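Grab your viewer and work through a few exercises on this one. Try each task before you read its solution.

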Amino acid sequence: MSAWFVVLTGGIGSGKSLAASCFAKRGITIVEQDDVSREVVEPGEPALDQIVEYFGNDILNEEGTLNRSKVRQRIFSNSTDKTWLERLLHPLIGQRTLFHMHNAPSRYAIVVNPLLHTRQPQYDRFVVVDTPVEVQIERAMQRDGMNRELAQKMVASQASREIRLRLADDVIVNDGEVDFVDEQVDRLHRRYLVMAV
């Protein structure tokens, strides 16, 4: 079970998943907060009932799962809805993330958290995947099929690049070269194995 934790962050489209996959292929447990955020709103979870009560039944897919696209459109056009949803989900996501972290079998564990904009004491290292903002917007549009306006809103709603870099212990530069990202991860991984004692 792990007792040494790294948080990996970066804005939408920065390449967090790529960097995380490079750590994973070296045997490191990855806890994706996006996955955890899906877990806490699965059918049968109390949070889903509260979301339906607040937003209405049309926020669900036909099979009863949360329609994340509809939720995204609602919260990025209404700050009150966004605040309400964050107050409900963030504590639940935090608790479930801690559970996964402490049950990780690898020497250290990595938590991928796209929303982090402050240092938190449960993490031993703060790693930022850094990408220019315009590249983030282009990648978000290509990957998620969203229009430029929504992609820009999502980037703007996250911590700024400058804030993330100020908080970083380590930076992974993602200029689009997969091999370069992997080389940087390899160096960090070796360092973390020494530090995680």
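The model is predicted, so local features need pLDDT of at least 70 and side-chain atom pairs count only at pLDDT 80 or more, while totals for chains, interfaces and linings use all residues. Residues are numbered from 1 along each chain as its sequence is written, and side-chain values use heavy atoms, with hydrogens and water left out.

**Exercise 1.** Find which residues touch the most other members of the largest nonpolar core.

*Solution.* Start with the definition: such a core is a set of buried Ala, Val, Leu, Ile, Met, Phe, Trp, Tyr and Cys residues joined through side-chain atoms within 4.5 Å. Buried means under 20% relative accessible area, with a 1.4 Å probe and protein chains only. Among the 37 residues of this core, Ile-51 and Leu-89 come out on top. Next, check Leu-89: skipping neighbours within four places in sequence, it contacts Val-40, Val-41, Ala-47 and Ile-51 (heavy atoms within 4.5 Å). Another core, of 19 residues, lies apart and includes Trp-4 and Val-181.

**Exercise 2.** Decide whether Ala-196 is buried or exposed.

*Solution.* First compare the value with the cut-off: Ala-196 has 6% relative accessibility, so it counts as buried. Then list its contacts, leaving out residues up to four places away in sequence: Trp-4, Arg-107 and Tyr-108.

**Exercise 3.** Work out how far apart Ala-196 and Ile-172 are in sequence and in space.

*Solution.* Along the chain, Ala-196 and Ile-172 are 24 residues apart. In space, go C-alpha to C-alpha, and you get 19 Å.

Technical notes: Buried < 20%, exposed > 50% of the residue type's maximum accessible area, 1.4 Å probe, protein only.
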